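Here are my notes on this model, point by point. Please read them with the coordinates open.

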Amino acid sequence: MAIKFLRPALTAAATLLVLGTGLVVGTDTTADDAYAAGAPVAAPASPAAPAAPAKPAASAVGALFADGSHFCSASVVHSTAGDLVLTAAHCVKDGMSFAPGYHDGVAPFGMWTVTSAAVADGWTTSADPDLDFAFLTVRQPGNSASLESLTGANVLGTNRGFVHRITLTGYPDTSDSPVVCVGDTTQSDTYQQRVACPGFPDGTSGGPWVTGGAVIGVIGGFELGGDTPDVSYSAYFDDDIEKLYASVTG
């Protein structure tokens, strides 16, 4: 079950980009996405920028904070600027910060301020569950290094089909450490996918679905991610998220 609030408007402190239409990096990598094993996840090379150093998969996943508490989950996704985070659209709210690698109440890479958020226009107009994803741009005042250079990142995988073995990670509201599950995805509707993983309650929305170093979903979509903690949903990542990604990354 995922967090159940809808997105209010962002304040002037952060810019909301409503974009109707992302590549996204669609190539597979050889990185093992098994969080529990601590295997490395490295961003792919691109003509504009070299790949970031390999980091433990856990460091690219983190918690979203507002008003002093974490309320949703998110993950670093590869971009040339190295400042991009992926979450569920229904998680977007005022005053957000991202704590990558958050565990046991510790933010090992510090807090990163969300400066803008991009969602599809179909989410803004009708909260379309098939468009329940968002890209957040972040920065850390006084730090010249990019987020991705410190944490590593998953690539964005689109149009991969519905059946995968994934690693699912999220931060329950009541825990200062993530829950992790390896499970098999299936199709639940035309543009929805599901996975049966126990123990994903409120707060895990936006948690990434990772396979082979690519993120192919986030907890959200149908019933804002599911109405029980044992089955999670995601919008299917197809051309819609590919266009949104492209509009953010240029």
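1. Where is Asp67 found? Asp67 sits in the loop between strand E4 (61-66) and E5. Strands (E) are DSSP runs of at least two residues, and helices (H or I) are runs of at least four, numbered from the N terminus. Asp67 is not a glycine, yet its phi is positive, at about 55°. Its relative accessible area is 76%, so Asp67 is exposed. The cut-offs are these: buried is under 20% relative accessible area, exposed is over 50%, and partly exposed is in between (1.4 Å probe, protein chains only).

2. A word on provenance. This is a predicted model, in which local features need pLDDT of at least 70, side-chain atom pairs count only at pLDDT 80 or more, and totals for chains, interfaces and linings use all residues. Residues are numbered from 1 along each chain as its sequence is written, and side-chain values use heavy atoms, with hydrogens and water left out.

3. Glu223 also deserves a look. Glu223 has a positive phi of about 55° and is not a glycine. Its place is the loop between strand E15 (214-218) and E16. With a relative accessible area of 33%, Glu223 is partly exposed.

4. Next, the sheet. Seven strands form an open sheet with mixed pairing, in the order E10-E15-E14-E11-E12-E13-E16. Strand E10 (155-156) and strand E16 (231-235) stand at the edges; each has a single partner strand, so one side of each lacks a neighbour in the sheet. Pairing here requires that DSSP finds at least two bridges between two strands.

5. Now the pairings around E11 and E12. E11 pairs with strand E14 (residues 208-211) in the antiparallel sense, over two bridges. Thr167 has Val210 in E14 as its bridge partner. E11 and E12 are also antiparallel, with six bridges. There, Thr169 stands opposite Val180 in E12. When checking side chains, recall that in a regular strand they alternate between the two faces of the sheet.

6. Gln187 has Gln193 in E13 as its bridge partner.

7. How many salt bridges does a search of the whole structure find? It finds one. The criterion is a side-chain nitrogen of Lys or Arg within 4 Å of a carboxyl oxygen of Asp or Glu. Asp184 pairs with Arg165, and their closest N and O atoms are 2.5 Å apart. The pair links distant parts of the chain, 19 residues apart: Asp184 is in strand E12 (residues 179-189) and Arg165 in strand E11 (residues 165-170). Asp184 counts as partly exposed because its relative accessibility is 43%. Side chains of opposite charge can pair when their charged atoms come close.

8. The structure holds two disulfides, each being a pair of cysteine sulfur atoms within 2.5 Å. One joins Cys72 to Cys91, with S to S at 2.1 Å. This pair links distant parts of the chain, 19 residues apart: Cys72 lies in strand E5 (residues 69-76), and Cys91 in the loop between strand E6 (84-87) and strand E7 (97-100). The link of Cys72 and Cys91 is left-handed, with -75° about the S-S bond. Both Cys72 and Cys91 are buried.

9. A disulfide also joins Cys181 to Cys197, with S to S at 2.1 Å. Cys181 is in strand E12 and Cys197 in the loop between strand E13 (192-196) and E14, so the pair ties together parts 16 residues apart in sequence. The torsion about the S-S bond of Cys181 and Cys197 is about -80°, so this disulfide is left-handed. Cys181 counts as buried at 11% relative accessibility, and Cys197 counts as buried at 0%. With the bonded cysteines of the protein numbered in sequence order, the pairing is 1-2, 3-4.
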